[in-house]
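Thanks, everyone. Let me put the structure up, and then I'll talk you through it.

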Amino acid sequence: MLKTKIIGPFTQLLTMDKILLKGSVNNRQLEIIPNGGVVVSEGKIVRIGDFELLFKEFSGHNAIIEQIDGEMVAMPGMVDPHTHICWAGSRARDYSLRLAGKSYPEIAKSGGGIGDTVAKTRAASALELEAILTKHANTHLKNGVTTIEVKSGYCLNTGGEIKLLEVIGKVNQNLAVDLIPTCLAAHIKPGDFNGSSSEYLECVVNELLPKVMKRGLSKRIDIYIDNGAFTTDEARVYLNEAKKLGFDLVIHGEQFSAGGVSLACELGALSVDHLEVIRSQEIRLLAASNVIPVALPGSSLGLGYQFAPARKLLDADCSLAIGSDWNPGSAPMGDLLMQTAILGIFEKMTMAESLAGVTFRAAAALGLSDRGILKSGHLADIIGFPISDYREILYNQGSLKPSVVWKRGERKEKAMGRKGDGAME
Ligand code: NIG
Ligand code: FE
């Protein structure tokens, strides 16, 4: 049996507890425990509170003390609710064309875009993709992201999509970080599919989704609704079929054109992501629903495009999660904390709102209620910054990284061992 341990003292322990899932948040609502400690057993938080008091209570019970020397602010490990980090090949050419003034849809039509990554990802072996995904996942973990959603969507045929979901499953087993797989076979209709978009989706429903469900490769289905991808009507039929098979639904919506939000609310999706062009009427729909809006500032930065209107969403009493959208095309940067800091300063989000967006609100976008808050019963996913005031985290605009990451209570300072294995490289 694993031993109980007490980690601390932390100069400030930012719990993110007692904040509502929806609406604006004032910094005064942040619960900050000075000289805080966390008691951990079997990967979960048993108790948090004043370090000295916890020490008195638990040290008699053979608890190990994991002493923090020097100043440190701790907060929950970040959750990235939206990535595409299992891909092969570079799209530097696309980026160069964008800098020369070409638009994302124009580049896609001229041989770049998602189709280019699909060709390269289809050609890559499972082993090559495992290595690439491992590198991306470990970079995220080192930077404080302890749970990562990962989409397929770069093979777009039955065998290839299964290959991607298997790779995600295998890397998840091998690494400490948690990877949450999502099937994005409905990213675009692949260039080599002989038939209409509806026929492609029908094929995915009949051939791929039952296999994915049966093998437990993913419980989540995503679709990209936009010009050049799928229409709202095509998506409605597809998502209803996926729902019947038992999948949770998520939508890439309102990036360049409207439609995704109303469908997400109609079908009770877990989240709707992008929202750069969302209008007031859709904001009202979201506020009245349980769908979590996800802003993807990394995509705006990669495309030189407007941000999702985070301030308006929060003021309208919507929730707001933030994802990196890390992918080779629209969002090559992949630094969630930096992107969160940048979105915050442009959208005038409070620090509390920004931090909520990458912790418990992001966990809710994944349907996870066991992380994103430091409290009893939650996973002991904790990140520590070498500072004494939590405001330094966003003030440094992403250039200050955590110096320590605990995944399920195990310290992962440098390298990222296997699940349940505290060893460091
Ligand atoms: O979330 N918008 C659609 N899909 C991705 C981009 C994927 C790519 O460009 O490779 C996104 O931005
Ligand atoms: Fe995306």
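I'll go through the cores, then the ligand site, then some backbone geometry.

Ground rules. This is a predicted model, where local features need pLDDT of at least 70, side-chain atom pairs count only at pLDDT 80 or more, and totals for chains, interfaces and linings use all residues. Residues are numbered from 1 along each chain as its sequence is written, chains are lettered from A and ligands numbered from 1 in the order in which they are written, and side-chain values use heavy atoms, with hydrogens and water left out.

Cores first. By nonpolar core I mean a set of buried Ala, Val, Leu, Ile, Met, Phe, Trp, Tyr and Cys residues joined through side-chain atoms within 4.5 Å. Buried is under 20% relative accessible area, exposed is over 50%, and partly exposed is in between, with a 1.4 Å probe and protein chains only. The largest core has 104 residues. Those touching the most other members are Leu-133, Leu-179, Leu-209, Ile-223, Tyr-238, Leu-239 and Leu-286. Which helix gives the most to this core? Helix α7, residues 197–214, with seven residues. Helices here are DSSP runs of H or I, at least four residues; strands are runs of E, at least two; both are numbered from the N terminus. Domain 1 (4–77 + 373–411) and domain 2 (79–365) both contribute residues, so this core lies between them. The domain bounds come from an automatic or database assignment. There is also a second, separate core of 16 residues, including Ile-7, Val-38, Ala-74 and Ile-382.

Now the ligand. Ligand 1 has 15 residues around it, each with a heavy atom within 4 Å. Arg-91, Tyr-104, Tyr-154, Gln-255 and Ser-330 come nearest. Next, polar contacts, meaning pairs of N or O atoms within 3.5 Å. Tyr-154 places a polar side-chain atom 2.6 Å from a ligand 1 oxygen. For His-252, that distance is 3.0 Å. For Asp-325, a side-chain N or O atom sits 2.9 Å from a ligand 1 oxygen. How much of ligand 1 does the protein bury? Taken alone, ligand 1 exposes 330 Å², and the protein buries 100% of that. Those areas are Shrake-Rupley, with a 1.4 Å probe.

Last, the backbone. Most residues other than glycine have a negative phi, and most peptide bonds are trans. Gly-8 and Pro-9 are joined by a cis peptide bond, omega about 0°. Pro-9 is in strand β1, residues 5–14. His-274 has a positive phi, near 110°. It lies in strand β11, residues 271–274, and is buried at 2% relative accessibility. Arg-408 also has a positive phi, about 50°. Arg-408 is in the loop between β15 (404–407) and β16 (410–411), and is partly exposed at 31%.

Conventions. Polar contact = N/O pair within 3.5 Å; in protein donor to acceptor, adjacent residues only side chain to side chain.
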